Amino acid sequence: MSIPFLIAIAVIIVVVLASIAAYLHWKLFQRQVERDRAKQKQTLERLDKRRYALSSIVVLCRGMIGGQVTATETSMRVSVLLEAICLPKEDLEYYVAFFKLAQSTAHIPILDAWKALSKKEKNSFETERLNLERQYHDFIIAAAERLIENKAVYTEHIAKS
């Protein structure tokens, strides 16, 4: 075997290995691009969900202040939605009334369980609910107004996180 023949074989091997390396590098790059796109899409979806949750909170608070939604219903929904928008802990402290009223009324049956109650049981739970709402009324209204007033601040917070 001649030296030029061996050099030609070596060059062919190097070219094949370089081609394989380039192909694998390209595949790795493509995979990274796909991962980045998926991560960006996931981030945008999370932001959209948090914005929607904040919008829902504001609608609920306005509905409660306007008398279309009970304080109990608002508290149950808002307490869950507040956790979804991931406000700083120090801001959540302003809304503790929602959490307390929701927790205080959590034992009251809803939907089908409510329908299954006797009239006496319904009246008893209704009286209890109304008493709890009266107890928390001023705090709930203040918290709802604060949420409505701070919508822009919280929207900005969501966008930054």
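Is Leu17 buried or exposed in this predicted model?

**View 1. Leu17 and the nonpolar surface patch of the predicted model.** Leu17 has a relative accessibility of 53% and therefore counts as exposed, the cut-off for that class being over 50%. Leu17 has its place in helix 1, which covers residues 3-65, and belongs to a nonpolar patch on the surface whose members, including Met1, Phe5, Tyr23 and Trp26, together have about 1300 Å² of accessible area.

**View 2. A salt bridge between Asp48 and Arg51 in helix 1.** The closest N and O atoms of Asp48 and Arg51 are 3.3 Å apart, and the two residues, three apart in helix 1, are separated by about one helical turn. Both partners are partly exposed, Asp48 at 46% relative accessibility and Arg51 at 37%.

**View 3. A network of salt bridges linking Glu126, Arg129 and Glu133.** Arg129 meets Glu126 at 2.3 Å, N to O, and also meets Glu133 at 2.5 Å, N to O. Glu126 and Arg129 lie three residues apart in helix 6, while Arg129 and Glu133 lie four residues apart in that helix. Arg129 is buried, with a relative accessible area of 13%, and Glu133 is likewise buried at 13%, whereas Glu126 counts as partly exposed at 27%.

**View 4. The largest pocket and the residues that line it.** About 350 Å³ of space lies in the largest pocket, which is lined by 13 residues, with Glu73, Met76, Ile108, Pro109 and Ile110 nearest its centre. Helix 2 gives the most to this lining, with four residues, and the lining as a whole divides into seven nonpolar, two polar and four charged residues.

Note on methods. Residues numbered from 1 in each chain as written. Predicted model: local features only at pLDDT ≥ 70, side-chain atom pairs only at ≥ 80, totals over all residues. Heavy atoms only, no water. Patch = residues over 30% accessible without salt bridge, like charges linked within 9 Å, V, L, I, M, F, W, Y side chains within 5 Å. Areas by Shrake-Rupley, 256 points an atom, 1.4 Å probe, with all protein chains shown as cover. Salt bridge = Lys/Arg side-chain N within 4 Å of Asp/Glu carboxyl O. Buried < 20%, exposed > 50% of the residue type's maximum accessible area, 1.4 Å probe, protein only. 1 Å grid on protein atoms, 1.4 Å probe; cavity = no way out; pocket = protein on both sides within 12 Å on 5 of 7 lines; lining within 4 Å. Points joined across faces, edges and corners; volume = space filled by probe spheres on them. Nonpolar A, V, L, I, M, F, W, Y, C, P; charged D, E, K, R; others polar.
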